[in-house]
Amino acid sequence: MQFHHHGYVSGDPHVQPAAGVGLDRPDELPGEVDVLIVGSGPAGMIAAAQLAQFPGIVTRIVERRPGRLVVGQADGIQARSVETFQAFGFAGRITEEAYRITEMAFWKPDPEQPRNIIRTALTPDDPSGVSEFPHLIVNQARVLDFFAEAARNAPARLVPDYGYEFVTLDVAEEGEFPVTVTLRHTAGPDEGTERIVRAKYVIGCDGARSKVRESIGRELLGDRANHAWGVMDVLAETDFPDIRTKCAIQSHDGGSILHIPREGNHLFRMYVDLGELPEDDRGAVRDTTQEQVEARANRILHPYTLTVKHVAWRSVYEVGHRLTDKFDDVPEELTGLRGPRVFITGDACHTHSAKAGQGMNVSIQDGWNIAWKVAHVLDGRAPESLLDTYSAERRVIARDLIDFDRRWSSLMAAKPGELDDPTELEDFYVKTAEFPAGLMTQYQPSMIVAEAVHQELATGFPVGKRFKSNPVTRVCDGNPVHLGHHHRADGRWRIYVFADRPAPGERSKVRDFAEWIGGSAESPVLARTPEGLDVDAWFDVKVIYQQKHTDVDLGSVPRTFLPKVGPFEVVDYEKVYAAAPDDDIFEARGVDRDGAVVVVRPDHYVANVLPLAATGELVTFFEGVFAVRSRSAR
């Protein structure tokens, strides 16, 4: 973590200096805003935390509840989400209080006594090491708390406006604030009264019954699986031996349980199979009592018993898979002809079962994806066409998730004898580990994802997939660090420069690249970053050498990789790295020994891989991304 470069900081360095709208933020919700976020769930809160890094943008987030969420429904935190938490500065703290999943047990009927269940397999949760971050369980309410803290401590000092219910909106064809939003007070002395807020953009994060979605004429389309589950977070007495291990439990009569230990070492969650529903059920299954769910759980767990002592939260739901045709307000035939003004995220545009642990995780990525893009357009960095990429990118991911969830849900609900292979459930879990971890996402070529023309130069950084970090050594102090962990959610693009074979003091391709990117008028760093800002304000350029850190003389490193920052123009030494002696990043990530440039978006996804000499291609790529050209060569 970096601080002190603007002067000595004696307090909490996580609290960034207030700036822009954060210097005198009005308590009252203003009548005009740049961005109005509706709903303070996972997508809404990460969007708020990201936009709070842009103090020149007036962002407000409204929530119908009178205060913070107390008990959340979601609890599974996949590795990709923990990577994201790292970018927002709280991965370590939330990991400390969470339950960590390292194994999953599979229980099935005993062939000798089918009414009894026995453990048949115990599999590692991440057998292939897809991420250095763990798979966690922690209540959604705590996730929202951490994002709220990040937004509150950011330069814009963003906090939710509680007690406002979204009613409807109208989008005008022109005007500075074309979206007119009607809100209703849900608490306080003005309860029941309505007010108008005008916005440039609206981000709808208001759940499966989204009124924002309804206002733009989108529908959730799909099907019901006619299968119901009872879910409960409980404290209980039991002799089931794997009560503190994640389990998939299948009984002889087809009933099953997905069991998930919760944070705190005592609470646990059970998804209890309630069976197939008749076509004319019409929601009657939701009247299933807690006693009925517990009785079903005991039948499945036999010969073990479960006595519930306290219910923290419970629900009954039907499996459904639904998806909207588009995630913004622009009709398909008008995409590219007019820019979107309203966006929907999370459950507002895709719903599925809870058992794959994807709802909150995918919503988080929805919110981050749209937030940095809206910010780039509003502060003049990018053209409005950037906003078209949100729906194009995220709808494909939601569709893939629904396909995955259909398969996982059907396997969980199947009777053991109905499966083609008796180990099909556990085999599917192991083989698809990368998908539920959130790491299979690969965005297709667009204005912010290049064609993978030079992919062979860095095979471990697939274009369109998230940047997979790796240990390196920081040259200035010899500390072992993870290269990607310095990539914070600050809105900057990253340019990772992997050096060729010569030592830093010798003539090399990386030295030529450094002279170009630090001195040419065509360099995106110089041509795009506005005057008056630090040279690394919009682009974070780092170099990774192949030599041991003891063989890299900082005095021989090009000045481009040692920029002067802050009002006192002090050198930033944390941009020069060397391959770790016991885990060479060049070898681990398939980086060519003749060097490469890896361009990474603000949300961690690899946007381009290029040779060191392909400066023209780098210029062309960023010409399609950035709208401004305001800085001259130095």
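**Exercise 1. Find the residues through which α1 and α7 meet in this predicted model, and describe how the two helices pack.**

*Solution.* 
Step 1: List the residues on each side. From α1 come P42, A43, I46, A47, Q50 and L51, and they meet M360, S363, I364, G367, W368, A371, W372 and A375 of α7.

Step 2: The contact of α1 with α7 holds 11 nonpolar and 3 polar residues, and no charged ones.

Step 3: Turn to the geometry. Two packed helices are described by the angle between their axes and the distance between the axes. Here α1 (residues 42-51) and α7 (residues 359-378) pack at about 35°, and their axes are 7 Å apart. The crossing in which α1 passes α7 is right-handed.

**Exercise 2. Take S363 from that contact: is it buried or exposed, and what does it touch?**

*Solution.* 
Step 1: S363 belongs to helix α7.

Step 2: Read its accessibility. S363 has a relative accessibility of 5%, so it counts as buried, the cut-off for buried being under 20%.

Step 3: Look at its partners beyond four places in sequence. These are P42, A43, G346 and D347. Of these, P42 and A43 are also among the α1 residues that meet α7.

**Exercise 3. Work out how many residues of helix α2 are buried, and what covers them.**

*Solution.* 
Step 1: Go along the helix, residues 79-87. Buried here are A79, R80, S81, V82, E83, T84, F85, Q86 and A87.

Step 2: Draw the conclusion. With 9 of the 9 residues buried, α2 is largely enclosed by the rest of the structure.

Step 3: Name the cover. Elements over the buried residues of α2 include both helices of Exercise 1, α1 and α7, along with β3 (76-77), α3 (91-97), β7 (135-137) and α4 (140-153).

Step 4: Check what follows the helix. Just after α2, G89 has a positive phi of about 90°.

**Exercise 4. Describe the surroundings of K200: which side chain does its own side chain contact through polar atoms?**

*Solution.* 
Step 1: Locate the residue. K200 sits in strand β11 (residues 194-204).

Step 2: Classify it. K200 has 19% relative accessibility and therefore counts as buried, with the limit set at under 20%.

Step 3: Find the polar partner. The side chain of D34 makes a polar contact with that of K200, at 3.1 Å.

Step 4: Complete the neighbourhood. Setting aside residues within four places in sequence, K200 contacts V33, D34, E176, F177, P178, V179, R341 and L378.

**Exercise 5. Two residues other than glycine, N265 and E569, have a positive phi. Where does each lie, and is each buried or exposed?**

*Solution.* 
Step 1: Recall the background. Most residues other than glycine have a negative phi, and most peptide bonds are trans.

Step 2: Take N265, whose phi is about 80°. N265 is in the loop between β14 (256-261) and β15 (268-276), and is exposed at 52% relative accessible area.

Step 3: Take E569, whose phi is about 50°. E569 is in the loop between β23 (564-565) and β24 (570-571), and counts as exposed at 56% relative accessibility.

**Exercise 6. Examine residues 441-627: what does the UniProt annotation call them, and which residues of α10 are buried?**

*Solution.* 
Step 1: Consult the record. An unreviewed UniProt entry annotates residues 441-627 as "domain: Phenol hydroxylase-like C-terminal dimerisation".

Step 2: Summarise the secondary structure. The chain over residues 441-627 is 16% helix and 20% strand, with its end C-alpha atoms 27 Å apart.

Step 3: Inspect α10 (residues 509-519). Its buried residues are V510, R511, F513, A514, W516 and I517, and they pack against β21 (493-498), α11 (524-528), β22 (539-545), β26 (596-600) and α13.

Step 4: G624 is partly exposed, with a relative accessible area of 32%.

Conventions
Residues are numbered from 1 along each chain as its sequence is written. This is a predicted model: local features need pLDDT of at least 70, side-chain atom pairs count only at pLDDT 80 or more; totals for chains, interfaces and linings use all residues. Side-chain values use heavy atoms; hydrogens and water are left out. Axes are lines fitted to C-alpha atoms, for helices over the stretch in contact, and angles run from 0 to 180 degrees between N-to-C directions. Helices (H or I, at least four residues) and strands (E, at least two) are DSSP runs, numbered from the N terminus. A crossing is left-handed if the near helix is turned anticlockwise from the far one by less than a right angle, and right-handed if clockwise. Contact means heavy atoms within 4.5 Å. Ala, Val, Leu, Ile, Met, Phe, Trp, Tyr, Cys and Pro count as nonpolar, Asp, Glu, Lys and Arg as charged, and the others, Gly among them, as polar. UniProt positions are given in the numbering used here, feature names are shortened, and annotations may be inferred rather than shown by experiment. Buried means under 20% relative accessible area, exposed over 50%, partly exposed in between (1.4 Å probe, protein chains only). A polar contact is a pair of N or O atoms within 3.5 Å; within protein, one must be able to donate a hydrogen and the other to accept it, and residues adjacent in sequence count only if both atoms are side-chain atoms.
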